[in-house]
Amino acid sequence: MIVLDVDDAVYLEKGDCSNEIAKYCDCVICGNDSLKEHYSKFCKNTIVIPTVEDTRKFKQYIRDTFNNKTIGWIGSKDTVYNIGLVADAINELITRHPDVKFKIISDTAQDFTKKIKNCELILWSEESYIKDMSEFSVGIMPLYDTPHNHGKCGFKLVQYMNLEKPVVASNIGVNLEIVGHGGKAVNTTVEWVTALEELLFNEKTYRICQEYIRKDFL
């Protein structure tokens, strides 16, 4: 049996051959419905299996970081540009609350350490990235509304929530489905500011989100 596993909108990339490959596969596994809709044109046996992560390796790093007041993002150089969507929101929030910090775990922060207040780049390392994420109070997944981003499968959200961190994410693609009651799915800069401020400073809301994550997500 030949199986193709797709967790990104790779068919939009120049030179990609996944459409042709799918034609010869017995099954195509997709990370969300958007990808399934596309690959179903080439393989009748196309199914959705949501993105997951090994929760066990996160357990030892779970701890209470509500008082850290730290917004966090993790990702690669190919997706870091999405932080631009929330730069103004984070700056506005930090202007109101100068103790708030923003940490980026990646191989690059582009120029966001200059554009965003209290912003720090932590270089991604296989040995330390989970521990580094455990310092976050809230994890974020901003996405510009593009065809490529509609193919995203919410892996960042899964990682944050494995550490029992409430999340704020763009209401794009599969994000809303993953977030559930474990955080906020938002659309505008104002909504980003409001959601982040509530999760960082309203402990009741923060704990309700954590309880949902523990009961219904993990």
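Six strands make an open sheet here, ordered β6-β5-β4-β7-β8-β9 and paired in parallel (strands are DSSP E runs of at least two residues, helices H or I runs of at least four, numbered from the N terminus; two strands pair if DSSP finds at least two bridges between them). This is a predicted model, so local features need pLDDT of at least 70 and side-chain atom pairs count only at pLDDT 80 or more, while totals for chains, interfaces and linings use all residues. Residues are numbered from 1 along each chain as its sequence is written, and side-chain values use heavy atoms, with hydrogens and water left out.

- β4 (residues 70-74) and β5 (residues 101-106) run parallel over 5 bridges, and Ile71 has Phe102 in β5 as its bridge partner.

- Leaving out residues up to four places away in sequence, Phe102 touches Ile71, Trp73 and Ile140, among others (contact means heavy atoms within 4.5 Å).

**Asn175**
- Asn175 belongs to helix α8 (residues 175-179).
- Asn175 counts as buried because its relative accessibility is 0% (buried means under 20% relative accessible area, exposed over 50%, partly exposed in between, with a 1.4 Å probe and protein chains only).
- Beyond its neighbours within four places in sequence, the contacts of Asn175 include Met141, Leu157 and Ser170.
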